[in-house]
Amino acid sequence: MIGLTYSFVLIPLVSTIFIFCIPKRRAELFRPLTIFLSLIPLGLCLYIFLNQNLKTSFNVVDKFSWISAYGINLTFGLSGMSFLLITLNCLLVLLSILSLNENHGHSKGFLGSLMLLQASVNGVFLAGDLISLFIFFEALLIPMYFLMGIWGGENRRYATIKFILFTVFGSIFILAGTIYTGVLSYLSSGSFALDFETISSLSFTSSQSKILFLLFTFGFLIKVPIFPLHTWLPDAHVEAPTAGSILLAGVLLKVGAYGILRVSIPFFTEGFIEYQFLIAILSVIGIIYGAIVAIVQIDIKKLIAYSSISHMGFVMLGISAGRFLSLEGAVIQMINHGITSGALFMLVGFIYDRRHTRRISDFGGLKQSMPIYAGVFLFTSFASIGLPGLNGFVGEFMILMGSFPTFQFLSSIAAFGVVLAAIYMLWAYQRMFNGKLIHEENKEIHDLNSKELVAVAPLLLLMLFIGIYPSFIESYVLQDVSVIYESINNILGES
Amino acid sequence: MSQISEAIGFNLIVISPTVTLVITALILLFFTITIETKMIVKKVITFSGILVTLFCVFLKFGLFSQNGVSSYFTQKILLDEFSLFGNVLIGLILFLNFIPIWGTSYELNEKTSEAIILILMSASGFFLMVDAENLIMLFIGLEIGSISLYALAGLNRIDKLSNEASLKYFLLGSLASCIFIYGVALVYVSYSLMSVYDFALAIAYTGPDLIPLTTFIGVLLIFVGLLFKIAAAPFQSWAPDVYQGSPTGYVGYMASIVKVASFIVIARICMVSVRFILEDFETFFFTVIFLSVLIGSFFASIQTDLKRLIAYSGVVQSGFILSGITSGVNGTSSSMFYLFAYILQLIGIFTIFSIISGKLSSNFEMDNIRGLMKNNRFLAISFCVFMFGLAGIPLTSGFVSKFILLTNLWAYEKYFLVSILLLSTVVGFYFYLRPIWIATIEKVDEPIEMLLIQKSEYLLIGSLASLTILFGLLPNTLINISRWVVQNYL
């Protein structure tokens with residue numbers, strides 16, 4: 001259906017304007033209205049889910065002429081994988097608004113920034129050409145800049161500038177790659193067309209393919225982030241407000257991995273085969289390094305941030321192995337990590353609102369004062385560790401199993417990441433929830449209220465659902481993955 | 001009118017914008033020194049003068065569609081796409097800057113007409129400059145324009161910085177003019193020619209190998225004189241001081257009009273006169289661009305004065321525009337787009353500055369915009385839009401201009417240049433986002449109080465900000481216009 005795709009961008013944009021139009025004295029209206037407005041894109045997701053066959057690879061739905069003199073169009077389309085990620089994004093935005101405390105929930109700017117973030121992230125997943133991918137990839141910095149800058153923690157200035165400069169530094173490589181691809185496209189077809197169909201029909205020489213792969217992948221890897229380009233992530237997570245953290249971990253990190261899956265590998269496969277081992281090594285270092293650093297953290301939010309580096313390392317390992325199973329596992333792990341880390345950051349936000357501290361040593365014995373919270377936290381931790389029956393297990397198992405034939409040694413090491421994950425998550429749980437209630441303040445603390453439960457419950461249900469019935473989301477990513485896999489197989493078959 | 005023109009042997013339409021502005025200035029002068037007139041009368045006279053000028057530019061399009069590229073007044077005045085584009089831009093700058101200029105002059109009190117006369121005179125000079133075919137005519141236009149600007153910079157006589165700016169601008173500007181006219185002389189020595197078009201023919205006739213050395217030096221000196229005006233490094237040293245010292249309300253006009261006129265002239269010389277020997281100047285231009293980007297980025301990152309920051313950022317932007325102009329037809333067209341997008345942001349930013357700090361002020365410290373968001377939401381948001389535009393964030397015209405420019409440079413295989421320019425955008429993010437942080441994000445105890453903004457200023461800033469976003473979303477029309485400018489050379 002025409003217009004279906006870009007309405008995922010337009011609806012949040014219009015919602016933002018709408019929110020800004022409400023006068024300040026009706027502050028109590030902001031949040032209910034935003035919740036309502038962010039239900040619309042989810043409704044649209046449901047509509048697409050019910051009415052369209054999305055178990056397909058990427059197909060273009062909408063096309064606009066942007067610069068006709070250069071033959072550049074803005075193209076939007078959908079595939080199974082991008083549909084899943086858009087749904088995740090819309091869901092996480094809704095839930096993070098639900099979980100907001102009074103402070104943020106009554107601020108127009110905060111809600112508006114969340115909506116803008118939703119629009120630009122949706123745009124990345126919908127993009128059917130390099131230029132719109134880049135536009136939205138960089139546009140999402142603007143809402144993030146304000147979210148982190150205005151509502152961030154103590155050290156937010158440093159973290160925000162670091163985040164922006166890292167991402168921009170990566171994005172100039174993507175821009176250079178885009179420009180190079182455009183020029184190559186011009187040399188072969190006479191127009192700077194940058195849509196995916198044209199690019200996939202171009203034939204790159206081996207060296208061109210390698211250069212382009214490096215340009216694009218470097219930019220995207222900063223966003224993933226991969227070791228040693230990860231240093232912005234812990235700072236950004238610690239300083240970002242809860243809703244910002246949820247979206248940062250939940251969907252923003254996926255933007256990088258999505259870009260690699262959508263652009264780098266299918267179009268510049270030769271480059272991928274050249275450098276897949278390098279990426280795999282870095283991912284495994286990231287898995288182990290992230291996990292070890294997470295163990296020694298004293299700040300629970302920083303712990304989850306480092307665990308994100310470890311989990312995204314699994315995603316990158318799965319991608320770099322280039323096997324069907326591992327690629328599928330990587331996509332599923334992307335979704336899973338979005339759900340689990342989103343839930344974890346939300347839970348940390350709840351306790352931070354109550355106690356205004358995130359130091360693990362400030363808690364202890366919380367199980368007695370807030371049993372429901374402890375249960376939810378344990379459940380989410382298990383999902384994050386990868387307990388069979390919950391979602392984390394599915395992705396990690398598929399990745400490890402799939403990548404073993406390619407990188408036997410590396411995936412054996414990566415398997416230790418799962419053990420380390422159990423150590424850092426369960427040890428943190430033990431220190432926070434078990435034992436005696438030492439601190440006076442923690443005795444008076446109240447348990448999760450119904451509002452907070454509503455915010456976190458859908459994520460818990462999804463963890464269980466994906467853990468038990470993973471073939472549901474697998475059927476959506478199947479076609480996307482087989483396109484990527486075929487492109488790799490073709491090149492391997494030739495040589 | 002055409003009968004009259006034929007009867008007396010020349011076409012008045014082609015210089016009508018210049019003539020109109022001079023007449024308007026003379027009428028104002030007459031009213032100032034003879035009868036005491038109300039301000040509103042002078043305002044109406046000035047505004048109608050500007051409107052008539054715009055109409056004259058429109059008439060020139062009619063003439064162009066009739067005659068095509070043609071020269072008038074025995075090869076002194078030229079009518080081609082570059083001059084038309086320049087005319088439109090200068091007319092637009094005059095029109096858009098009318099509100100801040102008038103506001104500033106109003107604050108200056110008794111000197112009102114003086115400033116307006118200077119501005120109209122300088123605009124008439126720059127009209128002449130972009131229209132000039134003869135190099136001497138070009139020099140006359142440049143001088144008429146520049147001398148008025150020197151005076152304009154020092155108009156706030158009680159301000160020391162303003163005096164300093166004026167003197168510095170005058171001394172260095174005169175030096176640049178000397179270099180320019182010396183270059184013209186050398187070119188004349190070698191070919192006995194003055195016309196930019198004949199020059200290309202002469203080079204083609206002698207063949208690129210037999211060109212006398214004096215020509216090279218002459219053209220180089222002409223370029224240096226013009227590069228001074230656009231504040232490209234290493235000729236940038238005047239820009240920060242002049243921007244900082246001049247009355248804020250005038251800086252938007254001063255900065256944009258010089259850049260437009262000089263860039264149009266540089267583009268025409270590169271495209272037409274020296275097109276056969278342009279690659280001989282490649283090293284020279286590369287050095288200038290490299291230094292502009294490097295020096296501009298570095299010094300912009302350490303400024304605490306916002307006007308100086310914008311001046312240094314202008315040095316970087318000049319490097320960008322120059323890189324397109326000096327590398328070929330498509331590069332020139334993308335630079336024209338860039339120029340258009342850039343001056344809109346420049347005028348917008350200086351209008352905002354003049355509202356915040358008062359139109360006559362010279363210094364504009366970063367502290368002046370601390371907590372702007374609190375009480376002046378409109379100003380803060382439009383400021384962000386302009387800064388995002390200068391930084392080149394997608395969805396603004398700045399991104400489109402950078403993207404198109406870099407694409408064309410890459411197509412010309414200037415990979416090293418592209419990488420330098422790309423890296424400079426990263427630094428750009430650092431220094432453009434810093435003022436935004438101070439204006440919108442930083443929490444302050446005593447934010448700026450609600451400022452009084454006139455309706456016309458709302459309209460001006462609002463439309464400039466919307467244009468910045470509009471050209472980022474739908475750049476098609478403007479890109480087609482910028483390609484029309486170079487259509488003869490495609």
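This is a predicted model: local features need pLDDT of at least 70, side-chain atom pairs count only at pLDDT 80 or more; totals for chains, interfaces and linings use all residues.

1. Overall form of chain A. The secondary structure of chain A consists of 22 helices and two strands. For its 495 residues the globule rule gives a radius of gyration of 23 Å, and the value for chain A is 22 Å, so chain A is as compact as a globular protein of that length. The C-alpha trace of chain A spans about 70 × 60 × 45 Å along its principal axes.

2. Burial and contacts in chain A. Buried residues make up 61% of the 495 residues of chain A. Of the contacts in chain A with a separation of 6 or more, 81% are between residues 24 or more positions apart.

3. Overall form of chain B. Chain B has 20 helices and two strands. A compact globule of 490 residues would have a radius of gyration near 23 Å, and the 22 Å of chain B agrees with that. Along the principal axes, the C-alpha trace of chain B spans about 70 × 60 × 40 Å.

4. Burial and contacts in chain B. In chain B, 60% of the 490 residues count as buried. Residues 24 or more positions apart supply 79% of the contacts in chain B with a separation of 6 or more.

5. A helix pair in chain A. How do helix 13 and helix 14 of chain A cross? The axes of helix 13 (residues 269–295) and helix 14 (residues 300–321) of chain A come within 7 Å and cross at roughly 160°. An angle over 145 degrees counts as roughly antiparallel, and helix 13 and helix 14 of chain A are therefore roughly antiparallel to each other. Their crossing is left-handed. Among the residues that meet are A:Gln276, A:Ile279 and A:Ala280 in helix 13 of chain A, and A:Leu303, A:Tyr306 and A:Ser307 in helix 14 of chain A. By class, the residues of this contact are 14 nonpolar, eight polar and no charged.

6. A helix pair in chain B. Helix 9 (residues 213–229) and helix 11 (residues 248–273) of chain B pack with their axes 8 Å apart, at an angle of about 155°. That makes helix 9 of chain B roughly antiparallel to helix 11 of chain B. The crossing of these two helices is left-handed. On the side of helix 9 of chain B, the residues are B:Ile222, B:Leu226 and B:Lys229; they meet B:Val258, B:Ser262, B:Val265, B:Ile266 and B:Ile269 in helix 11 of chain B. This contact has six nonpolar, one polar and one charged residues.

7. The interface. How many residues of chain A are in contact with chain B? There are 24, and they touch 21 residues of chain B. Helix 6 (130–139), helix 7 (141–151) and helix 8 (156–189) of chain A each supply at least two residues of that side. Helix 8 of chain A gives the largest share, 12 residues. The side of chain A that touches chain B has 20 nonpolar, three polar and one charged residues.

8. A single residue. B:Leu167 lies in helix 7 (residues 160–191) of chain B. B:Leu167 is partly exposed, because 15 other C-beta atoms are within 10 Å. B:Cys56 is 111 residues from B:Leu167 in sequence, and the two are 35 Å apart in space, C-alpha to C-alpha.

Methods:
Residues are numbered from 1 along each chain as its sequence is written. Chains are lettered from A and ligands numbered from 1 in the order in which they are written. Two residues are in contact if their C-beta atoms, placed from the backbone, lie within 7 Å. Helices (H or I, at least four residues) and strands (E, at least two) are DSSP runs, numbered from the N terminus. Ala, Val, Leu, Ile, Met, Phe, Trp, Tyr, Cys and Pro count as nonpolar, Asp, Glu, Lys and Arg as charged, and the others, Gly among them, as polar. A residue is buried if 20 or more other C-beta atoms lie within 10 Å of its own, exposed if 12 or fewer, and partly exposed in between; C-beta atoms are placed from the backbone. The radius of gyration is taken over C-alpha atoms; the globule rule is 2.2 Å times the number of residues to the power 0.38. Axes are lines fitted to C-alpha atoms, for helices over the stretch in contact, and angles run from 0 to 180 degrees between N-to-C directions. Angles under 35 degrees count as roughly parallel, over 145 as roughly antiparallel, 65 to 115 as roughly perpendicular and the rest as oblique. A crossing is left-handed if the near helix is turned anticlockwise from the far one by less than a right angle, and right-handed if clockwise.
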